[in-house]
Amino acid sequence: MSNSFKPILLIGAAAVVLVIVSVYRQSDGKEIIPWRDDYQAARSYAAQSDKLMMLDFTADWCGPCNYLKGTTWASPAVKDALKSYVPVRVDVDKNKELARRFEISTIPHMFVVNSDGRILRELNGAPTADEFVDWINGK
């Protein structure tokens, strides 16, 4: 390796470290969403209360999913936006059949569905709080 590339490599490595540190610092919050984890019970409640469900397909080992817990799911604006929904957390490892039914291939993956399970909106990835609020509000 040429000596002229070493400073560029060091600057790049330093930038990566700074990004990682800033991401972890931003995820210091505690999630405040009142998740349900029983899909069938949530469907019944959604039907009785005439609410839509917001499904969050996730897993304990998923880095972006865990990042959401300290950022997006810790946001009062997101909690407020979800007041008219039944938020349901679906662990893809514990609910493999449900993950297959929704054709989950990547996580995090979110859906707005009615109480019959019909998909109304879909979002794949780890949105910021503002992006999630826009999505849940249909923007």
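**The sheet and its surroundings**

Mentor: Gladly! Four strands make up an open sheet with mixed pairing, in the order β2-β1-β3-β4. Strands here are DSSP runs of E with at least two residues, helices are runs of H or I with at least four, and both are numbered from the N terminus. This is a predicted model, in which local features need pLDDT of at least 70 and side-chain atom pairs count only at pLDDT 80 or more, while totals for chains, interfaces and linings use all residues. Residues are numbered from 1 along each chain as its sequence is written, and side-chain values use heavy atoms, leaving out hydrogens and water.

Trainee: What makes β2 and β4 the edges of the sheet?

Mentor: Each of β2 and β4 (119-124) has a single partner strand, so one side of each is left without a neighbour in the sheet.

Trainee: How do you know that β1 and β2 pair?

Mentor: Pairing requires that DSSP finds at least two bridges between two strands. Seven bridges join β1 (residues 52-58) to β2, and the two run parallel, with L52 opposite Y85. Five bridges join β1 to β3 (residues 109-113), this time antiparallel, and F57 stands opposite H109 there.

Trainee: Why is strand β2 called largely enclosed?

Mentor: Buried means under 20% relative accessible area, exposed over 50%, and partly exposed in between, with a 1.4 Å probe and protein chains only. Seven of the seven residues of β2 (residues 85-91) are buried, so the strand is largely enclosed by the rest of the structure. Both faces are covered: Y85, P87, R89 and D91 are buried on one side, and V86, V88 and V90 on the other. For the chain, 38% of the 139 residues count as buried.

Trainee: What makes a group of residues a nonpolar core?

Mentor: The residues must be buried Ala, Val, Leu, Ile, Met, Phe, Trp, Tyr or Cys, joined through side-chain atoms within 4.5 Å. The largest such core has 20 residues, and M53, L55, F57, F102, I104 and I107 have the most contacts inside it. At least two of its residues come from each of α2 (39-49), β1, β2, α5 (96-101) and β3. Another core lies apart from it, with 17 residues, including W73, V78, V112 and A129.

Trainee: Which residues does L55 touch beyond those up to four places away in sequence?

Mentor: A contact means heavy atoms within 4.5 Å. By that rule, L55 touches Y39, V88, F102, H109, M110, F111 and V113.
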